Amino acid sequence: MVVDFDHYSKKVEFMRKNFLVVSDSNFFVDALKKYFLPNDFNFAYCITAQDIDLNSMPKFDNKLMAYCNPMRHEHVQSVTKQIIDMHESIDGLIIFLNSEGGEYFSTSPDQWLDYWNYKVLGSIRFINQISKHMKKNKKGKIINILNLEARFPNLINAVGNSADMGLMNLTKAMAAELAPLNINCNSISLGDFEFTKFNNKMNDIPINRQGDSSDLMSLIDYLLTGNSSYIVGENINLDGGFSRIL
Amino acid sequence: MQLKLNNKVAIVTGGSKGIGFATAKILLEERANVVICSRSNENLMHAKSKLKKYDNLLTVQCDIGIDGDVKNLFKQTIKNFGKVDILVNNAAPTSWGPLMDEIDESEWLNAVNDKLLGYVRCTKLAIEDMLLRKSGRVINIVGMGGRGPNKRYLTGGPINAAVLSLTKALADYYGKNGILVTALSPGPIDTGHHKNILTWVAQEAKISTEQAMLNFIEGIPVKRYGHPEEVANAIVFLASDKASFITGSEVLVDGGRFRSL
């Protein structure tokens, strides 16, 4: 009998680990659920949107789903407190928020600020709360998922592109602060995927196909395991070779 | 070098001191009509007195974080000089120091509003006027934190990165209209702003500020700080006809310090 030690050790690595997923993409959440088997580890999902009622405080249901508005500090605090109370430790935080922020011409400064408040500050609010807990445990993984378009900016999505560049920068700065505490912070920039919108033409992908959810899940899987412990502050382009930039 | 800037109209935000002031001075020497603005009327008056020999200068008090102020800046510029050819977005330096959980939420929102959206407000109005002549230059002063993230520069880094992103997107869109948009990132310049940074570096490394400065200078290939005039010369070059094929680029004026591809 051939024993797949790699596979086995990874399962052991994952067992009894707890992850919080913050996303406004149902597609992404469903893909995570399909890829990662619930018996091996615990995922809790925080579904976000700007129009979630700010007055009703979020609560996890029995499927470990909560709905929250990341623009409100109290919402984020409530969700993170619940998840920390539920589990002894939070080992990973994955954030994937909508990268469509709006175009340059018609977006007013107030709308621009609202989007930053949602995406960039929302991510910061979650990272602040969860990293406090990770700092105590001296371990953790944080993954920000962004859109590769930020590296090839355009005015059609100027608001979203600039916010993603900001988050890419912030991921690297936070990584420097958190790495000495054994907390790895990285980002993934998604190219042309079935669930991303890419406003530039991507007709020159060396791998000759669009990315699918399993491409993303296997990279998340890798970044969440201990085998990636020397990857710190990286932004990994997951794009089938599209971005040939130094 | 003949830069042919006479009769051009330039707005330099944050033009009352440091790099902005040096830029305004060189533009004035090149016979451009120059508008400088600052939040502080006192700083503006001080700058005006130092530039009193030039009759082609206009000063306007303006906080680029406020819509009405920016509208007034452009209204005054058009009223006095009739057009806008060059915009140097230079205002709003972002602060150094606090770590992630020490930064107040309002500080984040103010930083976004004052720098990123301040640049957006000015750029929108400038380009509106530039489109009338299908010609113009926008030069965004960014800061190395955009390219080189730092845990002590958490509000400034992401905003500078966002300004870089916007620079490239604007350049891409408006190139066909003869409007060139560039970014310029100054390295360590002896404006006093850097002393604040060194205080943090020294504190963290448990060394004196003087030692931190020596260590820092050692990492700069030219072994010294830059002067505001050296940055200003590059800005004025980008504003001139000599830089007519440069758009969407980021120019580093840092004595060779940043050595990343």
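Predicted model: local features only at pLDDT ≥ 70, side-chain atom pairs only at ≥ 80, totals over all residues.
How much area do chain B and chain A bury between them, and what share of it is on carbon and sulfur atoms? The figure is about 3000 Å², with 72% on carbon and sulfur atoms; buried area here is the accessible area (1.4 Å probe) that two parts lose on being put together, summed over both. On the chain B side, B:Met100, B:Glu105 and B:Lys124 lose the most area to chain A, together 20% of what that side buries.

Residues are numbered from 1 along each chain as its sequence is written, chains are lettered from A in the order in which they are written, and side-chain values use heavy atoms, leaving out hydrogens and water.

Counting contact as heavy atoms within 4.5 Å, chain B puts in 36 residues and chain A 34. Two chains, 2 salt bridges between them, taking a salt bridge as a side-chain nitrogen of Lys or Arg within 4 Å of a carboxyl oxygen of Asp or Glu. B:Glu105 pairs up with A:Arg125 in a salt bridge, with 2.5 Å between the closest N and O atoms. Helices H4 (105-133) and H5 (156-174) of chain B each supply at least two residues of the side that touches chain A, helices being DSSP runs (H or I, at least four residues) numbered from the N terminus. H5(B) gives the most to that side, with 13 residues.
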